[in-house]
Amino acid sequence: AKDIESWLHAALLRWVEERFGSKPSAAIRIQSESMRQRLSWFAEVQAGLISEGWRIDQVEENFEIDIDGLKVRGVIDRIDRHKETGALRVLDYKTSAKAAQVTSAHAIKISANTVFPAHLENVAEVCADLPVGHANKIVPARWINLQLPLYAIGLEKKSKTVDELGYFSLGASRGSVEISLWPDYTAENQQSALRCAGWVVEQIKAQRFSPRSEKVRHEKFEELKTGKVIDLMEI
């Protein structure tokens, strides 16, 4: 971990000096110190991953998929490969204050009170056929985010089968720097995500964009309405 930490700190210093000079402003120095701390915690987790057999295989890999005539492009933060099993793991970096949980960020449980707007044709059938693990049992859920499944679909188009999906959170405390994996992600989940993406494309083509979201799903924006000062680096 110390070797990784030293390398990262040197790279951070070099990056800051290249962009802001050898005497950056106080604001830049404060943010740099925050980044140094997070990178130190990252180094500990990364060293653990290496000891488990994981190696970084690709970073910022581009992909493109066609969904009913709409081109969807993206950049995958990181792809790890296990040196013994050959398994592929897709990781997306998150820098929110708290550790992000990959499953809850992509799907929410459907309750008996869940009501879908009548004018959104087929949404209940198409985007709510997702079984996820919840409290040690499988429950029905609906998609609220398709990011990582689309990454997996994009890699599949490049003849790469993804075995694991997850977030690598770089939070504001040591306990918030961690890996969150999707423990029960299956081929059925992936097909469900693709069907939902197809439904979204249909709505875009038909210019149906309502109803608007009832809740902003971004913790930093939630903090704004309380008047709290936020760190713009984390948005």
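Tutor: Start with the second largest pocket: 22 residues line it, and Leu8, Leu39, Phe42, Tyr93 and Leu170 lie nearest its centre. Elements giving two or more residues to this lining are α1 (2-20), α2 (26-51), β1 (54-67) and β2 (70-82). This is a predicted model: local features need pLDDT of at least 70, side-chain atom pairs count only at pLDDT 80 or more, and totals for chains, interfaces and linings use all residues. Residues are numbered from 1 along each chain as its sequence is written, and side-chain values use heavy atoms, with hydrogens and water left out.

Student: What makes a space a pocket, and a residue part of its lining?

Tutor: On a 1 Å grid over the protein atoms alone, a pocket is an open set of points with protein on both sides within 12 Å along at least five of seven lines; lining residues have an atom within 4 Å of a point.

Student: Which classes make up the lining of the second largest pocket?

Tutor: It has 15 nonpolar, two polar and five charged residues. Ala, Val, Leu, Ile, Met, Phe, Trp, Tyr, Cys and Pro count as nonpolar, Asp, Glu, Lys and Arg as charged, and the others, Gly among them, as polar.

Student: Why is leucine 70 called partly exposed?

Tutor: Buried means under 20% relative accessible area, exposed over 50%, partly exposed in between (1.4 Å probe, protein chains only). Leucine 70 has 34% relative accessibility, so it counts as partly exposed. Leucine 70 sits in strand β2. Strands (E, at least two residues) and helices (H or I, at least four) are DSSP runs, numbered from the N terminus.

Student: What does leucine 70 touch, beyond its neighbours within four places in sequence?

Tutor: Ile65 and Val201 are its contacts there. Contact means heavy atoms within 4.5 Å.

Student: Why is alanine 99 partly exposed?

Tutor: Its relative accessible area is 22%, so alanine 99 is partly exposed. Alanine 99 lies in the loop between β3 (88-94) and α3 (102-106). Not counting residues up to four places away in sequence, alanine 99 touches Ser169, Ser176 and Glu178.

Technical notes:
On a 1 Å grid over the protein atoms alone, a cavity is a set of points where a 1.4 Å probe fits but cannot get out, and a pocket is an open set with protein on both sides within 12 Å along at least five of seven lines; lining residues have an atom within 4 Å of a point.
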